[in-house]
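This report covers the surface, confidence, fold, salt bridges and cores of one protein model. The sequence and structure come first.

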Amino acid sequence: MFTLALVILSMFMALGQESDVGAGDFLGLGIAYGATVPAGDLADRFGSGFAASLGAHYFVSSIKSNFGLEASFLFGGSVKEDVLEPYRLSNGAILGNNGSLASIFLRQRGLTLFLTFEKIIIGLSGNERSGLSAGIGAGVMQHNIRIQVDSQNAPQFTGNYAKGYDRNTTGPAVKQSIGYTHLAKRNNFNYRIQLSVIEAFTQNRRLINFDTQQKETGTRLDLMAEVRFTYFLPVIDRRPAEEIFY
């Protein structure tokens, strides 16, 4: 998928170089940070969290559209599905193998990878590269429960053993977005504020869950809403020379 994305990105870069209208074309590195809220089956496992993202984006001025490849790291501290419940005492603590209490925490982890298409639907007067934008994306989502063991007395929850509890889940995903995109005419402050909704059709990839002694079957519908801010670091900006200020 990554190779295909590079080929597509190269094709649009070539179009921008050959077109006389492409004086406003833009290639940038997108650095993003956002907050996430789960829904559907994902809300049964996790609470709200955060996403840090990195992407490559190419804006084709002639069609007022942005093509991108985005990868996001999902993380958070709110885990609702307690995979360690069978091992807890009545007060919620877990005994280590030396008889003392173990220091164990559950964390949210995940990844998404999307190919995206975004179009300016209501442009700014005097700056056709900026305005209200709407977009779609297709890709994959992965998420799991990370068992963080801060003590040295619970090896049964570390290493390969942790895979029996982590609920490693993956599947295809799509997303829809709306936001405001700003590609500057006179400086390099280029950014996007965006609201996205992700729908992922996932499955647990582990052969068995140690805590239930069962294998999960069936498909999940994992939903997630995200609000993010993206800063675009310019790589190529084809503004007319008289509009570029240093």
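Which residues make a nonpolar surface patch of about 520 Å²? The patch is made by Ile-121, Ile-122, Leu-132, Ile-178, Leu-195 and Val-227. Patches take residues with over 30% relative accessible area and no salt bridge, joining like charges within 9 Å and nonpolar side chains (Val, Leu, Ile, Met, Phe, Trp, Tyr) within 5 Å. Ile-122 belongs to strand 4 (residues 104-124). With a relative accessibility of 53%, Ile-122 counts as exposed; the cut-offs are under 20% relative accessible area for buried, over 50% for exposed, and partly exposed in between (1.4 Å probe, protein chains only).

The model is predicted: local features need pLDDT of at least 70, side-chain atom pairs count only at pLDDT 80 or more, and totals for chains, interfaces and linings use all residues. Residues are numbered from 1 along each chain as its sequence is written, and side-chain values use heavy atoms, with hydrogens and water left out.

**Confidence**

The mean pLDDT (the predictor's confidence in each residue, from 0 to 100) is 89 for the protein, and 88% of its residues reach 70 or more. Confidence is highest in helix 2 (residues 42-45), at a mean of 98, and lowest in helix 1 (residues 2-18), at 42. The pLDDT is below 50 over residues 1-23, a stretch with 24 contacts in the model beyond near neighbours in sequence; contact means heavy atoms within 4.5 Å. Where pLDDT is low, the predicted coordinates should not be read in detail.

**Fold and surface**

The protein has 2 helices and 8 strands, in the order α-β-α-β-β-β-β-β-β-β along the sequence. These elements are DSSP runs numbered from the N terminus, with helices (H or I) of at least four residues and strands (E) of at least two. Among contacts with a separation of 6 or more, 73% are between residues 24 or more positions apart. Of the 246 residues, 45% count as buried. The accessible surface (Shrake-Rupley method, 1.4 Å probe; for residues, only the protein chains shown count as cover) comes to about 12300 Å², with 62% of it belonging to carbon and sulfur atoms.

**Salt bridges**

A search of the whole structure finds 14 salt bridges, each a side-chain nitrogen of Lys or Arg within 4 Å of a carboxyl oxygen of Asp or Glu. The table lists some of them.

| Pair | N to O distance |
|---|---|
| Arg-228 and Glu-70 | 3.6 Å |
| Asp-237 and Arg-129 | 2.9 Å |
| Glu-226 and Arg-228 | 3.1 Å |

Arg-228 is in strand 8 (residues 220-237) and Glu-70 in strand 3 (residues 65-76), so this pair ties together parts 158 residues apart in sequence. Both Arg-228 and Glu-70 are buried. Asp-237 lies in strand 8 and Arg-129 in strand 5 (residues 127-149), so their pair links parts 108 residues apart in sequence. Asp-237 counts as buried at 18% relative accessibility, and Arg-129 is buried at 5%. Glu-226 is buried, as is Arg-228. Through shared partners, salt bridges join Glu-70, Glu-118, Lys-175, Arg-192, Glu-226 and Arg-228 into one network.

**Nonpolar cores**

A nonpolar core is a set of buried Ala, Val, Leu, Ile, Met, Phe, Trp, Tyr and Cys residues joined through side-chain atoms within 4.5 Å. The largest has 22 residues, of which Leu-84, Ile-104, Leu-106, Ile-147 and Phe-157 touch the most other members. Strand 4, strand 5 and strand 7 (190-204) each supply at least two residues of this core. Leaving aside neighbours within four places in sequence, the contacts of Leu-106 include Val-79, Leu-84, Arg-88, Ile-145 and Ile-147. A second, separate core of 5 residues includes Phe-26, Phe-59, Leu-183 and Phe-232.
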